[in-house]
Amino acid sequence: QVQLVESGGGLVQPGGSLRLSCAASGSIVSINTMAWYRQAPGMERELVARIISGGSTNYADSVRGRFAISRDNAKNTVYLQMESLKPEDTAVYYCNAIVASRTPVRVANYWGQGTQVTVSS
């Protein structure tokens, strides 16, 4: 089994910064894509940023230039550095990863439990 555990959410004022982390653990052979999604109340879950194993990234238009995704392959961890936060960034942020596991032998899509980010004065 594979688990994704997020940390780093919280309450921040507009213009502030937060750094989210997501660590994958378990019977992992390799991790291809790691990503962050978010879901605001009453809204659909949306992609925020994605990074593949080679380091290529892509971002939602709404966060490009303010957020930065990175990963530490040795630690099976992905980060999301969020700057210049706005109230509209308020949402539950979910970590996502496509993982090749050893037990069971398969490639599957995994989600973390989510971490709340609230941007408010």
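User: Which side chain does Arg66 meet in a salt bridge?
Analyst: Asp89. In this predicted model, the side chains of Arg66 and Asp89 meet at 2.8 Å, N to O.

User: Where do Arg66 and Asp89 lie in the chain?
Analyst: Arg66 is in the loop between strand S6 (57-59) and S7. Asp89 is in the loop between S8 and S9. They are 23 residues apart, and the pair links distant parts of the chain.

User: Is Arg66 buried or exposed?
Analyst: Arg66 counts as buried, at 12% relative accessibility. Asp89 is buried too, at 1%. The cut-off for buried is under 20%.

User: Which residues are in the salt-bridge network?
Analyst: Arg38, Glu46, Arg66 and Asp89. Shared partners join them into one network.

User: What about Arg38 and Asp89, how far apart are the closest N and O atoms?
Analyst: 3.0 Å, in a salt bridge. Arg38 is buried, with a relative accessible area of 5%.

User: How many salt bridges does the structure hold?
Analyst: Four. One of them joins Asp61 and Arg64, at 2.6 Å from N to O. Asp61 is exposed, with a relative accessible area of 66%. Arg64 is partly exposed, at 49%.

User: Switching to rings. Which charged end sits over the ring of Tyr79?
Analyst: That of Arg19, 4.1 Å from the ring centre. Likewise, the charged end of Arg45 sits over the ring of Trp111, 4.7 Å from its centre.

User: And aromatic pairs, how many?
Analyst: The count is one.

User: Now the open sheet of four strands. What's the order?
Analyst: S1-S3-S8-S7, with antiparallel pairing. The edge strands are S1 (2-7) and S7 (67-72), and each pairs on one side only. Neighbouring strands are turned by 15° against each other on average, direction ignored.

User: How many bridges between S3 and S8?
Analyst: Six, between S3 (residues 18-26) and S8 (residues 77-82). In S8, Val78 is the bridge partner of Cys22.

User: Last one, Gly114. Where is its place?
Analyst: In the loop between strand S10 (106-111) and strand S11 (115-119). Gly114 is buried, with a relative accessible area of 17%.

User: What is Gly114 in contact with, leaving aside neighbours within four places in sequence?
Analyst: Glu6, Val92, Tyr93 and Tyr94. Also, Gly114 and Trp36 are 9.8 Å apart in space, C-alpha to C-alpha, and 78 residues apart in sequence.

Notes: Residues are numbered from 1 along each chain as its sequence is written. This is a predicted model: local features need pLDDT of at least 70, side-chain atom pairs count only at pLDDT 80 or more; totals for chains, interfaces and linings use all residues. Side-chain values use heavy atoms; hydrogens and water are left out. Two strands pair if DSSP finds at least two bridges between them. Helices (H or I, at least four residues) and strands (E, at least two) are DSSP runs, numbered from the N terminus. Axes are lines fitted to C-alpha atoms, for helices over the stretch in contact, and angles run from 0 to 180 degrees between N-to-C directions. Buried means under 20% relative accessible area, exposed over 50%, partly exposed in between (1.4 Å probe, protein chains only). Contact means heavy atoms within 4.5 Å. Rings of Phe, Tyr and Trp (its six-membered ring) pair if their centres lie within 6.5 Å; planes under 30 degrees apart count as stacked, over 60 as edge-to-face and the rest as tilted. A charge sits over a ring if NZ of Lys or CZ of Arg is within 6 Å of the ring centre and within 35 degrees of the ring normal.
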